[in-house]
Amino acid sequence: MTPHERPRRLRTTPAVRRLVAQTRLHPADLVLPVFVRDGIEEPQPVSSMPGVLQHTLESLVDAAREAVAAGVGGIMVFGVPREADKDAAGTCGTEPDGILNRALRALRDALGDSTVLMSDLCLDEFTDHGHCGVLDAHGRVDNDATLERYAQMAVAQAAAGAHVVGPSGMMDGQVRVVRAALDAAGHQDVAVLAYSAKYASACYGPFREAVASTLQGDRATYQQDPANRTESLRELRLDLAEGADMVMVKPAGPYLDVLSDVAEVADVPVAAYQVSGEYSMIEAAAERGWVDRDRMVLESLTSVRRAGAQVVLTYYAVHAARLLAAGR
């Protein structure tokens, strides 16, 4: 007996599949995270993230120009200071001549408004203890004292040229404090990308190498528990009420259910971050010949878009843009 309905008719050729595709990936959807390290004369490879570099200021500008030429939508900048410059309060994160703020100025001078320049607004790269905030007398992250530092960082990054600041520490009230600080300093046009759902994930391991993290312990007291789903909507509600211009879910791939939930109710653009561990797993499997690297790259990014992300932060941004330009 022959089937009455034949869904396969809409899969018969590449042209048919392209015509009826519900989710499309475009280079402008992608943001490239980049690392800039103080005190180096040549770019340094990140061993756990093949193809990813800790940049000098000069190579960072070159990489950013390459991303713009490929059509990538934006760049997210992470600073890696000298070990000697780290302290308990992460002061080099707010100093105008700190590596992140120098990098932002260099990028804005070179690129102007031709791309969206984003900056990581967090203390973990700059503190000697590696946590995302300042510590109290008992060694715990002090939420409210950390907010004061975030306000200072936001103003410093905006003054250095950031179009968007990304408070990523998951401190309660961080969006409200950052927004108020930016407005008070005359940076009303600088947008806030809220890390609304950032999980205490094992997928951040390679990133710790990339930023030379000195973290002892974990961040489970302030990042979300991987077992929980609905609290992300509470975090989303709070961030929207506090003035977030965009919201983000991090990591992306392991939390597509959360991403879908957030995208369903958010009335601002939704982003997701394909983090270092996701990147490194694809690279490791591809290196062993277990998966087709290019297909995995595009499939993973399309899945994140399909789940509801309008913007995807990914270390594959330039590579994916070139694959898309080639018609892959």
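Is Ala212 buried, partly exposed or exposed? Ala212 is partly exposed, because its relative accessible area is 27%; buried means under 20%, exposed over 50% and partly exposed in between, with a 1.4 Å probe and protein chains only.

## Basis of the model

This is a predicted model, in which local features need pLDDT of at least 70, side-chain atom pairs count only at pLDDT 80 or more, and totals for chains, interfaces and linings use all residues. Residues are numbered from 1 along each chain as its sequence is written, and side-chain values use heavy atoms, with hydrogens and water left out.

## Overall form

The protein chain holds 11 helices and 10 strands. Helices (H or I, at least four residues) and strands (E, at least two) are DSSP runs numbered from the N terminus. The radius of gyration is 20 Å, which agrees with the value near 20 Å for a compact globule of 328 residues; the radius is taken over C-alpha atoms, and the globule rule is 2.2 Å times the number of residues to the power 0.38. Along the principal axes, the C-alpha atoms fill a box of roughly 75 × 45 × 40 Å.

Of the 328 residues, 53% count as buried. Among contacts with a separation of 6 or more, 75% are between residues 24 or more positions apart, contact meaning heavy atoms within 4.5 Å. The accessible surface comes to about 14,900 Å², and carbon and sulfur atoms hold 50% of it; the areas come from the Shrake-Rupley method with a 1.4 Å probe, and for residues only the protein chains shown count as cover.

The protein chain carries 32 positive and 44 negative side chains, with the centres of the two sets 10 Å apart. Lys and Arg count as positive and Asp and Glu as negative, while His and the chain ends are not counted. Each charge is placed at NZ of Lys, CZ of Arg, CG of Asp or CD of Glu.

## Parallel strand pairing

Two strands pair if DSSP finds at least two bridges between them. Strand E1 (30–37) is largely enclosed by the rest of the structure, because seven of its eight residues are buried. E1 runs parallel to E4, with seven bridges joining them, and Leu32 has Ile75 of E4 as its bridge partner. Two bridges join E1 to strand E10 (residues 311–314), also in parallel; here Val31 stands opposite Leu313.

E5 (residues 116–121) has five of its six residues buried. Four parallel bridges link E5 and E6, with Met118 opposite Val164. In E6, Val164 and Gly166 point one way and Val165 and Pro167 the other, and all are buried.

In helix H5 (residues 174–184), the buried residues are Gln174, Val175, Val177, Val178, Arg179, Ala181 and Leu182. Their cover includes E5, helix H4 (143–160), strand E6 (164–167), strand E7 (191–198) and helix H7 (231–242). Just after H5, Gly186 takes a positive phi of about 85°.

Ser59 belongs to helix H2 (residues 57–69) and is buried, with a relative accessible area of 15%. Its C-alpha atom lies 29 Å from that of His129, which is 70 residues away in sequence.

## Loop residues and backbone details

Ile40 sits in the loop between E1 and strand E2 (44–45) and is buried, at 17% relative accessible area. Beyond its neighbours within four places in sequence, Ile40 is in contact with Gln54, His55 and Thr56.

Met170, in the loop between E6 and H5, has a positive phi of about 60° although it is not a glycine. Met170 is buried, with a relative accessible area of 6%. Ala212 lies in the loop between helix H6 (205–210) and H7, and its phi is near 55°, a positive value in a residue other than glycine.

A cis peptide bond joins Lys250 and Pro251, with omega about -5°. Pro251 is in the loop between strand E8 (246–250) and helix H8 (256–265).
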